[in-house]
Amino acid sequence: MKRLFIGRTMVAKLFLTLFLVALLTGGAVAAEKVIKIGTLFPLTGPCALAGQRCQSAVETAVEVINNSHPEIKVPGAAAEGVLGGMKFVLVHADHQGKPDVAKSEAERLIDQEGVYAIIGSYNSSCTKPASFVAERKQKLFVCGCSSSAALTKRDLNRFFRLAPTDETESLEFVEFIKYLNETKSAGIETVGLIYENTEFGKHAAEEGKAAAGVAGLKVIADVAFNPGATNLNSEVQTLKAADPDAVFGACLGGDYTLWVRTMKQMDWLPDVALNYCTGYQDPIIAKQLESDGDFFMGGTGYSPEFAELMPAVAAVEKIYMTKTDPSVPFDSDCIQEAIATLILAQAMELAGTTDYDAVLKVFNETEFDSPMSLGGMVVFAPGGQNLKAMSILTQLQGGSYKKIYPLDLADTEPVVPMTDWGSR
Amino acid sequence: MLTRKHISKDVKWWIVVAVLAALPLMGVLPSSYTEHVLILIMLYGSMAQAWNVIGGYCGQTSFGHSVFFGIGSYGAAMAVVTFGFSPWPGAMVGALLAAGVAVVLSGPCFKLKGHYFAIATFAIVEIFNRLFMVWDWVGGALGLDYPLVEEGWMNFMWYDSKKGYYYGALILMIFVFGVVRKMEKMRFGYYLLAVREGQETAESLGVNSTRVKLSAMALSAFLAAICGAFYAQYNFRVDPSMVMSLDMSMKFVLITILGGLGTFWGPLLGAAVLIPLQEYSRAFIGGMGGGVDLMIFGLIIVLVMVKQPRGIMGILDDIAMKSREKKEGDH
């Protein structure tokens with residue numbers, strides 16, 4: 001009986017403590033003027049790692065915004081908070097990579113949590129319904145890295161996207177192939193596509209096909225696979241049988257690793273392998289693949305090797321690295337989420353108010369200074385696409401992302417055709 | 001013949017419906033998120049009840065119901081997105097098509113028994129998922145995204161308020177549960193129970209078990225497809241991974257088993273426990289990352305099933321029995 005009594009007392013104490021903590025922290029938040037911002041990423045499920053990194057990137061940006069960081073050369077970093085000291089408070093949500101969950105979480109963030117804007121959502125298929133909800137409820141949705149071109153072709157008024165689209169990258173790919181053919185006599189005439197059968201992969205493949213068609217390249221292999229595949233033998237076999245000169249790949253995370261390893265197992269490589277925003281861009285995957293990852297290429301919005309082009313990033317990246325476990329630098333995707341948060345703060349500051357119409361006007365009419373973006377600027381077109389979004393074509397050489405195209409930003413000669421597996 | 005137990009069950013059912021109908025009017029729902037959770041409870045309760053027809057009453061464990069659910073979703077979505085119609089005729093065509101597909105697929109599958117039947121239905125989900133992934137006419141892997149259409153019952157679409165969806169889900173639940181209640185009282189309902197308890201014995205008494213099982217599957221698929229149509233309208237989107245997946249199939253099964261297999265109230269009770277748990281755990285701790293919400297969610301399901309394999313209905317029955325025994329003891 002005594003033990004039971006002690007147990008109950010302890011439970012009562014615990015509840016009392018929790019109640020007091022909630023009361024005190026609630027009071028602390030209420031005492032300051034805050035702007036609630038919702039984040040919506042896949043924190044669990046197949047894209048959990050990428051989603052968690054994106055969330056950490058937003059937290060990093062909020063740390064820069066909320067505190068005075070005179071050492072960081074980014075607009076608003078020197079001041080404490082926005083609009084004379086208002087702080088951003090983040091409310092995190094997990095959409096698990098599922099569009100229906102993304103939609104209901106966006107509703108909860110807006111209706112229940114009362115967020116001012118939402119930042120997210122990594123997967124294009126989740127960004128679509130979530131931003132649709134935000135539009136209907138007249139809230140801002142700032143998207144960092146979802147790359148489906150269709151997102152900014154919906155005539156939404158409150159949706160803004162920072163990253164380049166699959167369409168932009170596809171055009172860059174064929175331009176690069178044209179350059180190789182003209183200057184290096186690469187003789188690239190045929191293209192194969194390998195992509196995950198999702199909103200992202202399918203869109204990327206469609207844009208790739210369209211761009212290849214316009215450039216006069218013949219698409220001779222079109223291979224889709226289900227994400228999270230445990231075996232890509234038949235897919236790679238199909239590519240090998242068609243033997244295209246170039247391959248455009250849209251394989252995320254572990255699928256990218258599997259694709260590369262299966263090609264090695266089958267002892268086949270195209271002359272050029274170009275990747276959309278995929279596992280190629282993940283520095284951890286590049287490290288895991290070691291020399292097997294070398295000579296693949298892809299569009300890259302950021303890599304630590306770009307430090308001299310974007311000197312402002314280093315100080316912010318230092319904060320980001322303390323928020324990730326294991327500690328990693330920014331990658332092309334998550335840096336866009338940090339930029340999205342910084343642009344939102346900048347827009348409020350320029351508007352001088354949190355009033356939606358005024359902030360929306362700034363979003364639509366301003367050329368934002370963005371030292372963390374490769375383009376240095378952010379300008380939104382009607383529909384919400386960042387017109388200044390750009391990426392550099394890189395090639396992994398010795399585990400390092402080397403800039404190979406456009407020529408004015410390149411620092412290394414591309415290795416074409418790719419060095420075969422036996423000669424590495 | 002109606003018994004006192006039947007009448008009492010019907011009265012209880014209409015009390016539940018009346019309370020659910022009154023809740024928004026009384027203004028006691030604290031937020032639209034609470035409305036959202038109640039909508040999901042009614043939707044998933046209806047889905048589980050649809051599955052209960054074949055899985056619970058007839059005893060045939062199907063993991064293929066997401067296919068029928070998906071066909072219903074695509075029916076409504078294609079009516080709106082592809083043809084620019086109201087979703088109503090699409091939902092009806094989808095439901096009839098689902099019933100037809102169920103009969104065609106189940107014919108050979110019913111030749112298998114027990115685990116083999118369950119495995120065959122697993123495979124059907126994968127086949128349909130792949131098929132819809134590459135079928136461009138239905139949107140392929142990109143799926144179908146709803147355009148902005150006028151709000152109201154004609155388009156079964158609301159954006160700013162959830163009241164329409166709330167009453168839509170309530171009507172759906174009344175329809176699905178009403179059909180099952182009717183079935184329970186009919187001879188067909190007893191045939192299902194007879195087949196579940198012993199197919200050979202039922203056949204020896206003159207029950208055509210194949211026809212009974214096919215009819216149950218068609219009815220179950222029809223109801224599941226209607227739920228699918230609601231799901232597409234509610235989420236403004238449909239793609240193969242959302243609807244035709246093993247994950248979705250598991251929800252049909254899990255909710256029913258958690259609530260109580262082969263019982264009228266089980267699916268609703270299962271949904272009333274599982275859905276708030278899923279939604280609120282995600283809302284409160286999902287943002288922490290690392291899937292803590294999913295771990296707690298899974299742990300509670302394991303605990304309930306270990307404690308009472310007959311589900312929540314089993315727990316309630318035990319409580320009622322103990323209370324009766326205590327009363328009798330007092331006398």
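This is a predicted model: local features need pLDDT of at least 70, side-chain atom pairs count only at pLDDT 80 or more; totals for chains, interfaces and linings use all residues.

Two residues are in contact if their C-beta atoms, placed from the backbone, lie within 7 Å. Residues are numbered from 1 along each chain as its sequence is written, while chains are lettered from A and ligands numbered from 1 in the order in which they are written.

**The two chains**

- Chain A contains 12 helices and 14 strands, where helices (H or I, at least four residues) and strands (E, at least two) are DSSP runs numbered from the N terminus.
- The radius of gyration of chain A, 23 Å, is close to the 22 Å that the globule rule gives for 424 residues, so chain A is as compact as a globular protein of that length; the radius is taken over C-alpha atoms, and the rule is 2.2 Å times the number of residues to the power 0.38.
- Along its principal axes, the C-alpha trace of chain A spans about 75 × 60 × 40 Å.
- Chain B has 14 helices and two strands, and its C-alpha trace spans about 65 × 50 × 45 Å along the principal axes.
- For the 331 residues of chain B, a compact globule would have a radius of gyration near 20 Å, and the 20 Å of chain B agrees with this.

**Domains of chain A**

- The domain assignment, whose bounds come from an automatic or database source, divides chain A into domain 1 (32-163 + 308-378) and domain 2 (167-302 + 391-423).
- The centres of domain 1 and domain 2 of chain A, taken over C-alpha atoms, are separated by 29 Å.
- In chain A, 23 residues of domain 1 are in contact with 22 residues of domain 2.
- Helix 11 of chain A gives the most to the side of domain 1 that touches domain 2, namely four residues.

**Contact between the chains**

- Chain A brings 25 residues to the contact and chain B brings 23 residues.
- On the side of chain A that touches chain B, the largest share, eight residues, comes from helix 3 of chain A.
- That side of chain A has six nonpolar, nine polar and 10 charged residues; Ala, Val, Leu, Ile, Met, Phe, Trp, Tyr, Cys and Pro count as nonpolar, Asp, Glu, Lys and Arg as charged, and the others, Gly among them, as polar.

**Helix pairs in chain B**

- The axes of helix 2 (residues 32-57) and helix 11 (residues 246-259) of chain B come within 8 Å and cross at roughly 85 degrees; axes are lines fitted to C-alpha atoms, for helices over the stretch in contact, and angles run from 0 to 180 degrees between N-to-C directions.
- That angle makes helix 2 of chain B roughly perpendicular to helix 11 of chain B, given that angles under 35 degrees count as roughly parallel, over 145 as roughly antiparallel, 65 to 115 as roughly perpendicular and the rest as oblique.
- The contact of these two helices of chain B has seven nonpolar residues, five polar and one charged.
- The axes of helix 3 (residues 65-81) and helix 9 (residues 209-235) of chain B come within 6 Å and cross at roughly 50 degrees, and the two helices are therefore oblique to each other.
- The contact of helix 3 of chain B with helix 9 of chain B has 13 nonpolar, seven polar and no charged residues.
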